[in-house]
Amino acid sequence: PKNLWVLGDGQLGAMLSHAGQPLGINVRPVDIMTPSDVQLPLLADDIITAEREQWPESQLSLQLSQHAHFINGPVFGRLADRFTQKSLLDELSVATSPWQLVDDNTSTEALHSAYGERVLLKRRTGGYDGKGQHWLKQNEATTIPDDWRNEAIAEQAINFDEEVSLVGVRTQDGRCLFYPLTLNLHQDGILMASIAPLSRLATLQAEAETMLSKVMNGLNYVGVMAMECFRVGEHLMVNELAPRVHNSGHWTQAGCHINQFELHLRALCNLPLHQPQVNFQCVMVNLIGVDKDDRWLSLPNAELFWYNKEVRVGRKVGHLNLSVHNKTMLEDSINQLKIWMPQQYQAPLDWILAEFA
Ligand code: ATP
Ligand code: MG
Ligand code: MG
């Protein structure tokens with residue numbers, strides 16, 4: 001069978017392995033964080049991908065990233081750095097929030113006069129789940145941290161209506177296919193829940209597909225890519241891009257006949273692929289900093305994905321996919337989760353109920 005190596009061995013690598021099994025693809029996630037002198041038994045026709053945008057240089061990561069079939073090799077570094085990612089969006093004329101590099105000469109006054117009262121500083125690299133962000137608020141006289149100069153960008157705060165994302169794929173012969181847009185709810189910078197598809201987002205689908213096509217074609221990309229957006233009125237602005245499978249695409253595991261993990265594998269291995277069919281609408285609820293609770297398995301429309309990670313505050317440790325083909329059943333499940341889940345889940349679960357009210 002074909003070997004497909006994954007730089008990184010987190011939940012995305014695990015779910016890629018899961019998807020590879022029925023296809024007869026031997027997906028091998030690699031822990032590149034623990035130093036090791038073993039040589040991986042890479043073969044010339046193996047395929048290499050990454051489940052993260054960034055990794056430390058080590059014997060293992062070099063062995064993988066220098067392989068001739070490390071697909072999208074140069075893209076990871078380019079998108080891992082917000083400076084080069086935002087530059088790419090500007091070059092391709094894809095709408096994104098106005099921004100600039102924070103360098104030695106940048107003053108808070110200049111940032112406020114360019115972007116207004118609230119300015120968001122984001123570390124160029126390493127940020128996720130809202131980490132590595134710092135708000136500058138004019139009325140609180142917040143300042144630029146010294147060690148953020150040249151290491152961060154400043155963005156205009158976008159007063160968006162809601163957040164959506166598009167997960168798409170590009171094949172080796174340049175075809176682009178997409179799932180329907182996903183509606184995302186973030187709380188404190190971290191994704192709490194997603195809903196897809198949603199008929200009221202259909203009017204934004206074409207614009208979103210045009211934007212992500214420009215990016216994937218511009219990068220000559222192969223595989224699944226995710227594009228997080230802000231909806232501002234009838235239009236979208238790109239917040240950020242991820243050159244991989246994405247949390248906001250996890251609903252496809254339950255909702256589509258080809259999920260995002262399988263779609264990524266098919267594209268990377270140059271296997272036939274076609275438009276994924278949607279089986280039913282889904283709600284995805286992230287399990288963040290909560291212990292595993294087997295009662296979740298009693299929900300009749302739920303699928304549990306538990307990542308087997310140590311539970312820590314604010315850490316994603318699993319997700320639940322809930323099907324919506326029976327609306328009453330969905331509402332019952334969400335109400336049940338409201339009883340079982342801690343305080344920080346009340347608002348996101350109410351948001352889901354409101355979307356179906
Ligand atoms: P992820 O875990 O998705 O990779 P991240 O840490 O890389 O997240 P972003 O996606 O850039 O960070 O931002 C996290 C959240 O912060 C966004 O989903 C959005 O809710 C909010 N946010 C980001 N940029 C802006 C902005 N310019 N204006 C207003 N809110 C923003
Ligand atoms: Mg990010
Ligand atoms: Mg994000």
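In what order do the three strands of the open sheet stand, and is their pairing parallel or antiparallel?

1. The model discussed here is predicted. In this model, the three strands form an open sheet with the order β2-β1-β3, and they pair in parallel fashion. Strands β2 (25-30) and β3 (47-50) are at the edges, where each has a single partner strand, so one side of each lacks a neighbour in the sheet. From one strand to the next, the twist averages 25 degrees.

2. Strand β1 covers residues 2-7 and runs parallel to β2, to which six bridges join it. For Leu4, the bridge partner in β2 is Val27.

3. Helix α1, made of residues 11-20, lies across both β1 and β2. The angle at which helix α1 runs to β2 is about 170 degrees.

4. A separate point concerns Phe160. This residue sits in the loop that lies between β7 (152-156) and β8 (162-170). Is Phe160 buried or exposed, or something in between? Phe160 has 16 C-beta neighbours inside 10 Å and therefore counts as partly exposed, since a buried residue needs 20 or more and an exposed one has 12 or fewer.

5. Leaving aside residues up to four places away in sequence, Phe160 touches Phe230, Arg231 and Val232. Leu236 is 76 residues from Phe160 in sequence, while their C-alpha atoms are 9.3 Å apart in space.

Notes. Residues are numbered from 1 along each chain as its sequence is written. Chains are lettered from A and ligands numbered from 1 in the order in which they are written. This is a predicted model: local features need pLDDT of at least 70, side-chain atom pairs count only at pLDDT 80 or more; totals for chains, interfaces and linings use all residues. Helices (H or I, at least four residues) and strands (E, at least two) are DSSP runs, numbered from the N terminus. Two residues are in contact if their C-beta atoms, placed from the backbone, lie within 7 Å. Two strands pair if DSSP finds at least two bridges between them. Axes are lines fitted to C-alpha atoms, for helices over the stretch in contact, and angles run from 0 to 180 degrees between N-to-C directions.
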